[in-house]
Amino acid sequence: MSSRLVGALAVLLPLAAAGTSLQAQTDTTRTAADSARRVVKLAPIAVTAARVDRPVFNTPNPVLVLDSTNVREESPNGIADLFRNLPGVDVTGVGPNQSRLIIRGQRGQRILLTENGIRINNSRRQQDFGELPSFTDINGISRVEVVRGPASVLYGTDAIGGVVNQITLAAPRNGTPDGVRGNMAFRYGSAAEQQTVHGTVTGRSGRLGFALTAGYRDARAYEAPEGTFGNLTLTSNTKVNDTGVIDRNFSADLGYDLAEGHTVELRVSHYGARDAGFGFVTPADLGDPDGATVQILYPEQDVTRLTAGYRATGVNWGIADRFSITGYGADNDRIFTQFIGIPLGDPFPPGSGIDIRTRNFTDIRTYGARVEAAKILGGRHSVTYGVDWYRDRANNADTSVTETRMFGPPVVETSDVPTLPNATLWSGGVFAQSDLALTDRFTLGLGIRAQTIHSDTRETEGLPEERAGVSASNSAVVGAVSGRYQLTSAINLVATVGRAFRAPNLVERYFEGNTPEGNGYQLANPDLEPETSLNYDLGVKLRTGRVYAEVIYFANRISDGIRIVPTGTTVNDVPGFRNENIDKLTDRGVETLAEVVVGAGFSVLGHFTRLTSKTDEESPTGDGYSSKVGGELLWREPQGRFFAAWEVRHQGERDDVELTASPVGETIPAFTVHNVRAGVRLGVIGRTTAALTVGVLNLTDELYSEASNTAFFRPEPRRNAQIGIRLDF
């Protein structure tokens, strides 16, 4: 056990001991055992799609919801691991820190990541990468909700492809008995010799509630198994470099009841990560000893967030029955490094090559606010409305060193020219959404948003004056219509149609420098227009006492889609690229999901997704799967003391993508992966319950990579085991 982990345990053990002592003074009812008896995997209530509690069955939008029970039993590295075996979502990135969700073929800045409904995205991220879910501790999450499809009416820019909302463990609210409870957990994973320790303490005394969480993780680079994947063969277990991380989370939540239905809340959180990389396999291990090496790494990243708000419910103010105002701020400091090593063969001497090392430091300060109100009209209709605003201010500093080794002594060139000017982006919007119960069976939803986005560059050391004072402004008006018709008490017909938008971020407009993969040079384009989309969903949802099922057809057509395209020129001896608005991007497909409680403790989950992505010129644009089918067989002992699960997922090959630079060939190969898990509640010691979980992932030791990780080949871990123990008090 590392010394860092020992230090983390030293911090968390006193928290657990204090919580156990305080718990002995109260007679509160534990919820851990109750939730452990839940058989159905998908939680029945969602809030993200409509900003109100609503059963998934009655929500027109396609929504996936998983809660803390899934986190405890599956011991995921992050939210991407939770959703791999569900429809409509895919995974990009590797390792415990860098994995993110793709929704219906869209990723990066087209997916809005939120925490408790407040945006986490910032405008300094690369288009394809998106923000890190790791900012929120997966072990401190109450549930995660994924809205599949656009949600710009309620959330504004970036929600053109979907929303991922991480809802954290909140301070106990009014009505919760006084007392303290909590847990401690430890997890070990053999794939990366990963050790994770986490602790939570929640409590309430009178009007004051609190929740404290702390976690620490130490993971090394993992190995991929030997095997064949497309045209590529690994002859032995192979290290996937830079797939480890050392990171830590801390959060503190306070809630104080001013009066019945009136609460002020405060949340402070911090995330720190060291040596988090995008992962790569050395060219020699891929059978290409003369190939270029590309390393992308975050040696340091620290994020501190503060959220404060006031919430009123059941107030009957005339214009609102529910009202909330939230202000938030974040400080995101990160160091980004890149190494590109290009060997030069004949006719150059042995050891000849070009090495390019770059280092970027970025400080992003974010401030924002959201005011929201809701009113019930006529006892059956509702309207939710409000305003929101945020501002990103980014400062940047860059250095690069290029060493050329050919004939004679090495030639070294240095530069401190920033790739991105210091810049600011702000956005403000006003929105309204109504739900009209037109009959006992038919509910109609109507929504509209107007939003303005403005960005500008500032004076930046190392850049010419003409790159300061460059600005861009855009406005957008979008709307959505949704409907739900209750065909029977067990069947709902659902449909949505709506427009969404995404404004270009700072990187897309103003970045000028080497692309992260090192295969080109990106030129600035301040004149980009926002992306807009028209999305359709049409489906049916079924719910009985033992069955939940849904079938959804969707089509999302993005106009002025932003893609990086070749300019036909070269810059610094590499091809030039620039972000441009192209005519149309279309994603369409079918998603099916069924979950059945069979009986005798058994339940079965199955899903299927088919997805196509093209431009108007019929050229392929997608880099995710084209088809996915899978499921889970779960057995749970009726008292919740034991469970066992088997998961299987198959992703079909995809040949309508360009993978000319990938060692696997021009087709994303198909693969099938199996996981097994089991757990036992060990019993009660005083008021403490212990639970043990074990799992074996990639049971058949198959060599594979998630579809989006194939072009820049980054395979998944070989067969590995994980074990976790949790104490609830």
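Which side chains meet in a salt bridge of 2.9 Å, N to O? The side chains of glutamate 591 and arginine 148 do, where a salt bridge denotes a side-chain nitrogen of Lys or Arg within 4 Å of a carboxyl oxygen of Asp or Glu. The structure is a predicted model, in which local features need pLDDT of at least 70, side-chain atom pairs count only at pLDDT 80 or more, and totals for chains, interfaces and linings use all residues. Residues are numbered from 1 along each chain as its sequence is written, and side-chain values use heavy atoms, with hydrogens and water left out.

Strands (E, at least two residues) and helices (H or I, at least four) are DSSP runs, numbered from the N terminus. Both glutamate 591 and arginine 148 are buried; buried means under 20% relative accessible area, exposed over 50%, and partly exposed in between (1.4 Å probe, protein chains only). Accessible areas come from the Shrake-Rupley method with a 1.4 Å probe, and for residues only the protein chains shown count as cover.

In the whole structure, 40 salt bridges are found. One of them joins arginine 51 to glutamate 372, with 3.0 Å between the closest N and O atoms. This pair links distant parts of the chain, 321 residues apart: arginine 51 is in the loop between β1 (45-46) and β2 (54-55), and glutamate 372 is in strand β21 (residues 353-377). Arginine 51 and glutamate 372 are both buried. They also belong to a network of salt bridges that links Arg51, Arg322, Arg370, Glu372, Asp388 and Arg449.

Another salt bridge is formed by arginine 220 and glutamate 193, whose closest N and O atoms are 3.2 Å apart. Arginine 220 is in the loop between β12 (208-219) and β13 (223-224), and glutamate 193 is in the loop between β10 (179-189) and β11 (194-205), so the pair ties together parts that are 27 residues apart in sequence. Arginine 220 counts as exposed because its relative accessibility is 53%. Glutamate 193 has a relative accessible area of 41% and is therefore partly exposed.

Strand β12 has 9 of its 12 residues buried, so it is largely enclosed by the rest of the structure. β11 and β12 run antiparallel and are joined by 11 bridges; two strands pair if DSSP finds at least two bridges between them. Threonine 200 has threonine 213 in β12 as its bridge partner. The hairpin of β11 and β12 has 2 residues between the strands, and glycine 206 there takes a positive phi near 65 degrees. β12 also pairs with β17 in the antiparallel sense, over 12 bridges, and phenylalanine 210 stands opposite leucine 254 in β17.

Leucine 254 is partly exposed because its relative accessibility is 39%. Together with Leu208, Tyr256, Leu258, Val264, Leu266, Val268 and Leu306, Leu254 makes a nonpolar surface patch of about 590 Å². The elements giving two or more residues to this patch are β17 (245-259) and β18 (262-277). Patches are made of residues with over 30% relative accessible area and no salt bridge; like charges are joined within 9 Å, and nonpolar side chains (Val, Leu, Ile, Met, Phe, Trp, Tyr) within 5 Å.

An open sheet of 5 strands, with mixed pairing, has the order β3-β8-β9-β6-β7. β3 (63-67) and β7 (118-119) stand at the edges with a single partner strand each, so one side of each is left without a neighbour in the sheet. β7 pairs with strand β6 (residues 111-115) in the antiparallel sense over 2 bridges, and threonine 114 stands opposite arginine 119 in β7.

The largest nonpolar core has 44 residues, of which Phe83, Leu101, Val146 and Val164 touch the most other members. A nonpolar core is a set of buried Ala, Val, Leu, Ile, Met, Phe, Trp, Tyr and Cys residues joined through side-chain atoms within 4.5 Å. Phenylalanine 83 is in contact (heavy atoms within 4.5 Å) with Leu64, Leu66, Val89, Leu101, Val144, Val146 and Lys628, leaving aside its neighbours within four places in sequence. A second, separate core of 18 residues includes Ile118, Ala394, Val478 and Val507.
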